[in-house]
Every structure is written in C-alpha cells, then in structure tokens.
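Here is a short briefing on one protein model. Look at the structure first, then read the notes below it.

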Amino acid sequence: MPWVLLVDVVQSLKPVQDRRFMTLTPTVADTIELMYQTGWTDGLPVVPPTGDLVENFIGASGRQGDELIAELPPLGGRATVERIAVNAVMAGCLPEYMPVVITAIEALMDDRFNLRGVMCSTGIHTPLVIVNGPISKILDINSGYNCLGQGWRANATIGRAVKLVLVNLGGAIPGDTNKATFGHPGAYTYCMAEDEDANPWEPYHVEAGFQAEDSTVTVFPGEGPHNIMYHAVNDRNFLTVLADTMCPLGNVQMYVMGDTFVVLGPEHAKMLAAAGWRKRDIKQFLHENARKPVGLLRRGGPAQGDDRRDMLWPKFVDRENNDDMVPVVRRVDDIHILVAGGAGGPHSVYIPGWGSRRAIRKIQFPR
C-alpha cells in the first residue's frame with residue numbers, strides 16, 4: 001500500500017472520549033491491525049499516522065515534505081521528509097524530534113558507515129544513535145540511569161523511528177534482506193545521549209571537531225553493551241580490566257578492526273580524570289593492552305572460505321608469529337570514548353563494532 005494511501009486511510013480516524021476514559025474506535029484498532037498485516041511494524045503496535053499528525057511533523061522538520069533525504073539500502077527506498085515523518089509518528093515521536101531523526105538518517109548514508117553491509121550482514125550489530133550538544137537537554141534525551149534501557153520517551157521513540165525507516169523504507173526485512181542470525185534488542189531502538197555535565201573532558205562532539213554549542217548525531221554499528229564492573233579505586237587496574245573486556249576470543253571486532261566504543265560511567269570517568277588521565281592517554285593504553293596473540297585468534301578465524309581475514313590486522317602484526325599481539329583496532333583513534341550512565345554505580349560498558357566506521361553529523365534546525 002502506498003504511503004499516501006496509508007495516511008488517507010487513517011486521516012478521518014478520531015479517538016472517542018467518554019467521561020471515564022479514552023477508547024480507540026474499532027476503526028483505529030483495525031488500522032493498527034492493517035499495519036501489522038502490511039508488515040510496517042517492528043512487532044509492536046504503532047501510532048496510526050493521520051494526515052494532521054504527519055503534516056505537524058513535516059512542519060517541525062523545517063523542510064518540504066517531498067525533499068529527498070536518502071535512497072536507503074538495501075532496496076533503495078526513497079526516504080523523503082514525508083515518509084520519515086510517517087515512521088516517526090508511528091514510532092511515537094514528538095514532532096520536535098524530527099531534526100534528530102532526519103540527521104541520523106543522513107549520517108547513516110556516510111559511505112564509511114556502510115549501511116548496506118550493516119543491515120544485511122549475519123552479525124548481531126545494529127545502528128546506535130548518540131546525541132550530543134544542547135538539544136539532548138532540550139528534548140530530554142536520557143544520558144544517565146538506564147540510558148540504554150526502557151522508560152524514556154525520547155530515547156525509545158527516536159531510536160525506534162530510525163529503525164522503522166530502515167525496515168519500511170530501506171527494505172531491511174529480518175530473514176529476507178536482513179540476515180542477522182540473532183539480532184539484539186537494540187534493533188527495536190538504540191539511542192542515548194552523552195552526559196556532558198558528568199564528562200571531565202571535552203564532550204564527544206567537540207573532540208570530533210564541532211563547537212560546544214552545536215548539536216550532533218553520531219551513528220555507530222554496535223553490538224549490545226558489555227558491562228564492565230569495577231568497584232575498587234585503582235585507575236590502572238580498572239583500565240586493565242576494561243582492556244581485557246574489549247578483546248575476548250569470538251569477538252568479531254578482533255577480526256574486522258572497525259571503530260569501537262567505550263562508554264565510561266561517571267564514577268569511572270571521575271576516577272580516571274582525578275588520576276590525571278586524558279582521553280588520549282586512555283585510548284593509547286587500551287590500544288596497547290586490548291590485544292590477543294595471533295595463535296589464539298586463529299582459533300576463532302579466519303572466516304569460513306576467507307583465508308585473508310588476518311589481512312585486516314595492522315601491518316606491524318607478524319602473522320607468522322603465534323605469540324605476536326593483535327590489537328582490538330588498527331589505530332588509537334578508532335577507539336571512541338563517551339561518558340554516560342547512572343552516577344551511583346561503578347559500571348561502564350563496552351560496545352563492539354562491526355568493521356565499518358562511525359559517522360557524525362551536525363543537526364540543522366528549522367529557522
């Protein structure tokens with residue numbers, strides 16, 4: 001069913017109000033079922049995108065509805081502002097979230113991100129959306145307790161809108177074009193903000209070359225977060241524990257060498273900063289210590305039918321020496337560090353990548 005027809009179907013639907021509660025008319029319930037039948041949901045009910053709602057969302061974007069944002073792989077679906085708005089409505093977004101959703105879609109089209117590969121691989125990774133700058137507070141995007149969990153509208157619906165766009169417009173349908181063998185819960189929604197107030201160093205987007213007053217969206221093909229528990233107060237020991245968490249056998253990161261993310265909890269970040277560690281120092285330490293021997297890594301690879309997988313390793317690795325050490329990434333700057341999470345517990349998380357690069361874009365707001 002064309003998108004415009006879907007909007008027409010639900011254009012006249014209105015909730016019925018009685019004195020006790022709001023109920024859905026049978027027509028609205030039928031519309032929700034229709035969207036299940038057409039395959040336009042992520043398995044959860046969606047908000048019917050009435051014409052008025054979609055127009056409000058287009059207006060909040062500051063763009064024309066027919067403006068083409070991207071032709072999304074794998075099937076080349078045309079992601080216009082109107083079609084993105086339809087998916088944002090269905091996801092439960094507020095209209096003011098539209099600039100963030102659109103910027104995320106634009107960032108996903110960066111060639112270095114390799115969206116086609118990310119969405120069609122057999123791996124379990126999925127795009128993570130990270131928001132920086134003043135907009136994260138304006139929209140109340142969670143960067144603290146449970147920032148990667150449930151219960152926060154902005155995080156849940158912005159991330160969900162992006163995923164609905166990738167499936168409904170891009171055609172990344174599980175089991176069809178999307179060959180993820182397991183996937184992970186982030187395929188419903190995977191969105192967070194950095195806690196810049198708790199960050200003892202410069203914010204992530206400033207480190208990436210933007211101004212502090214800019215608002216940005218970063219996208220990263222991430223697996224689920226791997227918890228790092230460390231309750232003692234010893235900066236070097238903590239970094240050793242973190243490095244060990246980053247390089248287990250079987251971690252695809254050790255073979256594909258793409259970008260990778262560390263999200264330091266506020267307590268761990270504060271401990272490291274108090275001990276004099278700069279972000280650059282932390283990255284250097286992790287690059288030098290998050291390593292595994294060639295001989296051990298060969299037990300986990302190369303990939304079936306691919307005897308050149310180790311060619312992705314840095315040139316300084318002696319592939320003929322089983323005792324030589326392979327780092328988790330080629331370069332120090334392939335390790336990215338954020339600060340987020342609850343301030344009352346000494347936990348951090350590691351998010352392995354897939355082999356491609358993160359992409360970051362500045363959000364353009366309507367005048």
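An open sheet of four strands runs in the order β6-β5-β7-β14, and its pairing is mixed. Strands and helices here are DSSP runs numbered from the N terminus (strands are E, at least two residues; helices are H or I, at least four), and two strands pair if DSSP finds at least two bridges between them. This is a predicted model, in which local features need pLDDT of at least 70 and side-chain atom pairs count only at pLDDT 80 or more, while totals for chains, interfaces and linings use all residues. Residues are numbered from 1 along each chain as its sequence is written, and side-chain values use heavy atoms, with hydrogens and water left out.

- β5 (residues 126-132) pairs with β7 (residues 216-222) in the antiparallel sense over seven bridges, and Val-129 stands opposite Val-219 in β7.
- Helix α5 (residues 98-108) packs on the sheet and touches β5, β7 and β14; its direction makes about 50° with that of β7.

**The sheet with β9 and β13**

- Another open sheet has four strands in the order β8-β13-β9-β12, with mixed pairing.
- Its edge strands, β8 (226-229) and β12 (335-339), each pair on one side only.
- Helix α10 (residues 235-245) lies across β8, β9 and β13, at about 160° to β8.
- Helix α13 (residues 279-289) lies across β9 and β12, at about 130° to β12.

**Nonpolar cores**

- A nonpolar core is a set of buried Ala, Val, Leu, Ile, Met, Phe, Trp, Tyr and Cys residues joined through side-chain atoms within 4.5 Å; buried means under 20% relative accessible area (1.4 Å probe, protein chains only).
- The largest core has 53 residues, of which Leu-72, Ile-84, Ile-105 and Val-219 touch the most other members.
- A second, separate core of 33 residues includes Leu-242, Ala-269, Leu-272 and Val-294.

**Cysteines**

- The whole structure has zero disulfides, a disulfide being a pair of cysteine sulfur atoms within 2.5 Å.
- The sulfur of Cys-191 is 9.2 Å from the closest cysteine sulfur, in Cys-93, which is too far for a bond.
- Cys-93 is buried, at 6% relative accessible area, and Cys-191 is buried at 4%.

How values were computed. Buried < 20%, exposed > 50% of the residue type's maximum accessible area, 1.4 Å probe, protein only. Contact = heavy atoms within 4.5 Å. Axes fitted to C-alpha atoms, helices over the stretch in contact; angles between N-to-C directions.
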